[in-house]
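Dear colleague,

I am passing on the structure below, together with some notes on what turned up when I went through it. Please have it open beside you as you read.

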Amino acid sequence: MFKAIGIAAAFSLAGSAAWAQAPNDAQIAHIAYTAGVVDVAAGKQALEKSHNKAVRGFAEEMVRDHTAVNDQALALVKKLGVTPQDNPTSQGLAKGGADKLRALGELKGAAFDKAYVANEVAYHKTVNGALSATLIPNAKNGELKSLLQTGLKLFQEHQAHAEHLAMTVK
Amino acid sequence: MTSPHLWIAVLAGAALAAAPVCGAAAARPRTAAVYTVTIAAMKFGPTPAAIHVGDTVEWVNNDIFVHSATARDKSFDVELKPKARLRTTFHRAGTYPFACRYHPGMTGTLVVAK
C-alpha cells in the first residue's frame, strides 16, 4: 500500500504546503499526465503478470483509457502552446508509482492480483480527490478544465470497477 | 441529438408515390426511421422518445474512449471505438435499459413501441 500512501502524500502536498500558490495549467497538465502514466505502467505490469481474466480485462481498460486521456492531453498542450512543467507533485507520483511497481513485481498469482486491485482502488480514489479538490478548480484554460472533468468521470468509473473487482478477487 | 434521418422519409415518400394504390382505405405503412444517440464526455446523449419496431438507432461515439452500448438483456451489444458509428435495428417492442460494458455508470434506456 505504500504507493498509495506516497501518492496520497504527493497530492496532499499539491493541496497545501508544496504550492506557495495554486498550480498553474502547465503544472496541472504535468500532474494529470504523470498520474495517467503511472496507471498505464501498473496496467502493463498486470498484463505481464496476471492470469486472472477479470484482472486482465480491468488492466487492459486502464491502459486503453489512460493512454487515450494522455494522448488527448498531449494534443491539447501542443495546441495551446503550453509546455507541461515538472513539479514536486508529479515527482512524488512518479516515485510512488515506481516504488509500487517494484513491490508488486515481487508478488505472484493471486497475491499479485489482490495487491494490484487494492492499489488501483486506493490510487483512483486519491487521484479523483486531487482532481476534484485541486486540479479542476485551479485549471484556467477551459479546454484543459473540460478534459480534466471528463477524466474525473472516467476515473470515477475506474474506481467503481476496481472496487467491484476487489470484492471478487480473493 | 435524436434526429430521424429525413432522407429516409423522403425516399419512402417517393416510393409510396410510385407504388400502385392498393385501396384507398389501406393504412399507410409506417416508415422506418433512423435515430442517433451520441456518446460524448463519458455520457450517452438523449435517447429518441418515439422509437418503433423496425426503426434503427445509430450509435455515434464522439468520445476519446472505447465504449459499448450493451443491453442489460444482451439483446444488443455494440462496441464503439472512438469516432465509430454503428447501427442497431429493433425488431421487438420493449424497454431496453443499456449501459457501457467498460464504464457501467454510463447508462440509458430505449423504449421501442409496436
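Ala41(B) lies in the loop that connects β1 to β2 (43-44) of chain B, where helices (H or I, at least four residues) and strands (E, at least two) are DSSP runs numbered from the N terminus. The phi of Ala41(B) is near 45 degrees, a positive value in a residue other than glycine, and Ala41(B) is partly exposed, with 15 other C-beta atoms within 10 Å. For that term, a residue is buried if 20 or more other C-beta atoms lie within 10 Å of its own, exposed if 12 or fewer, and partly exposed in between, with the C-beta atoms placed from the backbone. Lys83(B), which is not a glycine either, has a positive phi of about 75 degrees; Lys83(B) sits in the loop between β6 and β7 (85-89) of chain B and counts as exposed, with 10 C-beta neighbours inside 10 Å. As background, most residues other than glycine have a negative phi.

Please keep in mind that this is a predicted model, in which local features need pLDDT of at least 70 and side-chain atom pairs count only at pLDDT 80 or more, while totals for chains, interfaces and linings use all residues. Residues are numbered from 1 along each chain as its sequence is written, and chains are lettered from A and ligands numbered from 1 in the order in which they are written.

Chain B has one helix and nine strands, and buried residues make up 23% of its 114 residues. An open sheet of five strands in chain B has the order β3-β9-β8-β5-β6, with mixed pairing, where two strands pair if DSSP finds at least two bridges between them. β3 (51-52) and β6 of chain B stand at the edges with a single partner strand each, so one side of each is left without a neighbour in the sheet. Strand β5 (residues 67-71) of chain B runs antiparallel to β6 (residues 77-80) of chain B and is joined to it by four bridges, with Ala69(B) having Val78(B) as its bridge partner in β6(B). The hairpin of β5(B) and β6(B) has five residues between the strands, and there Lys74(B) takes a positive phi near 65 degrees. β5(B) is also joined to β8(B) by two bridges, again in an antiparallel arrangement, and Thr70(B) stands opposite Ala99(B) in β8(B).

In chain A, α2(A) and α5(A) pack at an angle of about 170 degrees, with their axes 11 Å apart; the axes are lines fitted to C-alpha atoms over the stretch in contact, and angles run from 0 to 180 degrees between N-to-C directions. That makes α2(A) roughly antiparallel to α5(A), a term used for angles over 145 degrees. Among the residues that make the contact are Ile28(A) and Ala32(A) of α2(A) and Tyr123(A) and Leu135(A) of α5(A), contact meaning that C-beta atoms, placed from the backbone, lie within 7 Å.

The largest nonpolar core has 53 residues, and those with the most contacts inside it are Ile28(A), Ala32(A), Val55(A), Leu135(A) and Leu148(A); such a core is a set of buried Ala, Val, Leu, Ile, Met, Phe, Trp, Tyr and Cys residues joined through C-beta atoms within 7 Å. The elements that give two or more residues to this core include α2 (25-49) and α5 (109-138) of chain A as well as β1 (34-40) and β8 (94-99) of chain B. Not counting residues up to four places away in sequence, Ala32(A) touches Ala73(A), Leu135(A), Leu148(A) and Gly151(A).

With best wishes

Definitions and conventions: Contact = placed C-beta atoms within 7 Å. Parallel < 35°, antiparallel > 145°, perpendicular 65-115°, else oblique.
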